[in-house]
Amino acid sequence: MWNITEVALQLPTSKASNHLLQPLWDYLLFRHYAVISSPFFPLLLAFSSYFIFSLPFAILDVLGERSPLFEYKIQKSRCPTIGMMLRTLGTAVYNHLVYVLPAVLITNVVMPSPPFPAVAPTVWELISGALGVLLIFDTQYFFWHLAHHKNPHLYRWVHAIHHEYISPFSWSTQHLSAVELMTVGFWSNINPILLKCHPLTIWTLSVFSIWMSVEDHIGYDLPYSPGHLVPFGLLGGAMAHDIHHQKPSSNFAPFFSHWDRLFGTAVTVKPTKKIDKVK
């Protein structure tokens, strides 16, 4: 166990302490060390982020046409039922308890986490590290995803469960097979290590990437979504992934759009200004 008193002896110099994120990092180290040093902290952070980000859109789906945001619903004739929501949420809970939790325990025994650094990352280090990991993951998942749609056996045994619903909704973000979940989890854990990311960068990235994943599956083309806010169509967003569930031979990348453009698999639909009523 890393002795927290050692941190006091390794406090950053006055120059390093000028890092904008240093006060936050010091606060986490000295006030919440027992929490952030737990091997279960990344797991709890990831699952709680998935739950918190998904819940508001689940409420919107329950409200249906009574919601003022229903006009932005992409597939208005396909609204998830309570049963569908409980089933997909149950799949996520089951996978985390049966597969992810044991993997965390084994990893912690075989490869314990190194001591936390005393110095926080700079803002640039955090942003550049997170962007680098996202770009690497986007590449990995694009080719993995493409291969599973091209190979009927891989699709049937690994990826088909995620396409059970033509119209995605927030809880379906982690409606995955165990193989897909563990593959995605492996990349999510190994990529930051390869790029030597700071723990604060890794935790920030975890929350941010889960938010982007949930946003891809909400089934609402909201005007303030990242896909609209980021210029030049660099991000896919909810519309792009919704189209993928309707046309599975398109939009394979999870976050960005460059690989689909290069491979000719990008399909975009401009939403009409006039919203048709559900008949």
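These legends go with a handful of close-up views of the structure above.

A quick note on the model: it is predicted, with local features needing pLDDT of at least 70 and side-chain atom pairs counting only at pLDDT 80 or more, while totals for chains, interfaces and linings use all residues. Residues are numbered from 1 along each chain as its sequence is written, and side-chain values use heavy atoms, with hydrogens and water left out.

**View 1. Helix α6 crosses helix α8.** Here α6 covers residues 123–150 and α8 covers residues 178–194; helices are DSSP runs (H or I, at least four residues), numbered from the N terminus. Their axes come within 10 Å and cross at roughly 150°, where an axis is a line fitted to C-alpha atoms over the stretch in contact and angles run from 0 to 180 degrees between N-to-C directions. That makes α6 roughly antiparallel to α8 (the label for angles over 145 degrees). The crossing is right-handed, meaning that the near helix is turned clockwise from the far one by less than a right angle.

**View 2. Side by side, the residues where α6 and α8 meet.** From α6 come V133, I136, F137, Q140, Y141 and W144; from α8 come E180, T183, V184, W187, S188, N191 and P192. Contact is taken as heavy atoms within 4.5 Å. The residues of this contact divide into 8 nonpolar, 4 polar and 1 charged (nonpolar: Ala, Val, Leu, Ile, Met, Phe, Trp, Tyr, Cys and Pro; charged: Asp, Glu, Lys and Arg; polar: the others, Gly among them).

**View 3. Two of the spans annotated as "transmembrane region".** The unreviewed UniProt entry puts this feature at residues 40–63, 84–106 and 126–147; such annotations may be inferred rather than shown by experiment. In the model, residues 84–106 are 100% helix and 0% strand, with end C-alpha atoms 32 Å apart. Residues 126–147 are also 100% helix and 0% strand, and their end C-alpha atoms lie 32 Å apart.

**View 4. S172, in the loop between α7 (152–159) and α8.** S172 is buried at 2% relative accessible area (buried is under 20%, exposed over 50%, partly exposed in between, with a 1.4 Å probe and protein chains only). Leaving aside residues up to four places away in sequence, S172 touches T88, H162 and H217.

View 5. Most residues other than glycine have a negative phi. K196 is exposed at 76% relative accessibility, and F232 is exposed at 71%.

Methods: Helices (H or I, at least four residues) and strands (E, at least two) are DSSP runs, numbered from the N terminus. Angles under 35 degrees count as roughly parallel, over 145 as roughly antiparallel, 65 to 115 as roughly perpendicular and the rest as oblique.
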